Amino acid sequence: MTAIAAALWLTAAVPALAREAAPAAAERWIGDVGAIAQADAGEGRRVAIERRLDAIGLRWNAQTFEAGKHGRGTNLLADVSGPADAPLLLFGAHFDRVGEGRGATDNASGSATVLALAERFKQRPLTRHRVAVAFWDLEEAGLLGSAAYVAQNRAKPALYVNFDVFGWGKTLWMMTPEADTALVAASRDAAQAGGLSLAPGEQYPPSDHRSFLKAGWPAVSYSLIGAEEVPLILAAYRREKTADTAKVMRVIHSAHDTLGEIDPAAAALGVDAVEDAIRRWDADTRLAPTSKSENGK
């Protein structure tokens, strides 16, 4: 998509009020969501991310893996900033989608969030961690891309941070196996500072963080949704009937998963809050020294 075509497309796709209210960061974020969502499923979505990584100035690697009946998948990985011997902080999101809809919420929104964080941490690196980003293929087929990364014994992160469904609302929903960690505290403080709320907990829909946790590697995941949706989503995964249906459950894996469902101004606040949380966590001198990255050990 050319710059002129992208601008015209965004003008038509984003409501006028949202365009006027959204800062430049929101415009960049929704532009990335649009480029990924409007691309052809599979390779087209991956190429859209590759082009954005190029624009940020990051060298990326395409890593293929065999996926049985699903053929071959391709993950994208890029180093962002920090010395090679520092503990690895890995951000990731899946870029593939199901056949229905455009996969704007699930998960162009998460991929765009990782791109935004990559740009920010390249411009201003962390003090105690090096940062890398990953974009997983074939999540919808069963977390196959992230599972391949773990199985191939690539660099074990000190922490993997996943993003899946990051499109609206004022609640950062955080999957965390432990509710009293330094990152949870930092996330709560950052969310409050940004006018958001934090909903941490172990119960959370399946996404690529599970591949890391299954291997015993530390991982968390963030979503951005409405506070009222959290109990409804969990009830839906328990197959319980409820009077209302969460917006997420009406949008993802359906023809409704389009750019029109997304709130770029809310997402920009969410990206700001996550960046703030990570910087607070990285700077927390009370944290025990984190071991250097290992190759799967």
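How many of the residues in β5 are buried? Eight of its eight are, so to speak, tucked away: β5 is mostly covered. Keep in mind that what you're looking at is a predicted model.

- Start with the big picture: eight strands form an open sheet with mixed pairing.
- Reading across it, the order goes β1-β2-β4-β3-β5-β8-β6-β7.
- The edges belong to β1 (60-66) and β7 (197-201), and each of these pairs on one side only.
- Going from one strand to the next, the twist averages 25 degrees.

**β5 and its two neighbors**
- Strand β5 covers residues 159-166, and in the sheet order it sits between β3 and β8.
- On one side, β5 pairs with strand β3 (residues 88-94) in the parallel sense, over four bridges.
- Phe91 has Val161 in β5 as its bridge partner.
- With strand β8 (residues 219-225), β5 also runs parallel, and five bridges join the two.
- Val161 turns up again here, standing opposite Val220 in β8.
- Tyr160, for its part, stands opposite Ala219 in β8.
- As for the side chains, a regular strand has them alternate between the two faces of the sheet.

**Helix α4 meets helix α5**
- Two packed helices can be described by the angle between their axes and the distance between the axes.
- Here, α4 (residues 43-56) and α5 (residues 104-123) have axes that come within 10 Å and cross at roughly 15 degrees.
- The crossing of α4 past α5 is right-handed.
- From α4, the residues involved are Arg45, Ile49, Arg52, Leu53 and Ile56.
- On the α5 side, they meet Asp106, Asn107, Ala108, Ser111, Leu115, Glu119 and Lys122.
- Sort the residues of this contact by type and you get five nonpolar, two polar and five charged.

**Helix α4 meets the sheet**
- Besides meeting α5, α4 packs on the sheet.

Note on methods
Residues numbered from 1 in each chain as written. Predicted model: local features only at pLDDT ≥ 70, side-chain atom pairs only at ≥ 80, totals over all residues. Heavy atoms only, no water. Axes fitted to C-alpha atoms, helices over the stretch in contact; angles between N-to-C directions. Left-handed = near helix turned anticlockwise from the far one by under 90°. Contact = heavy atoms within 4.5 Å. Nonpolar A, V, L, I, M, F, W, Y, C, P; charged D, E, K, R; others polar. Pairing = 2+ DSSP bridges. Buried < 20%, exposed > 50% of the residue type's maximum accessible area, 1.4 Å probe, protein only.
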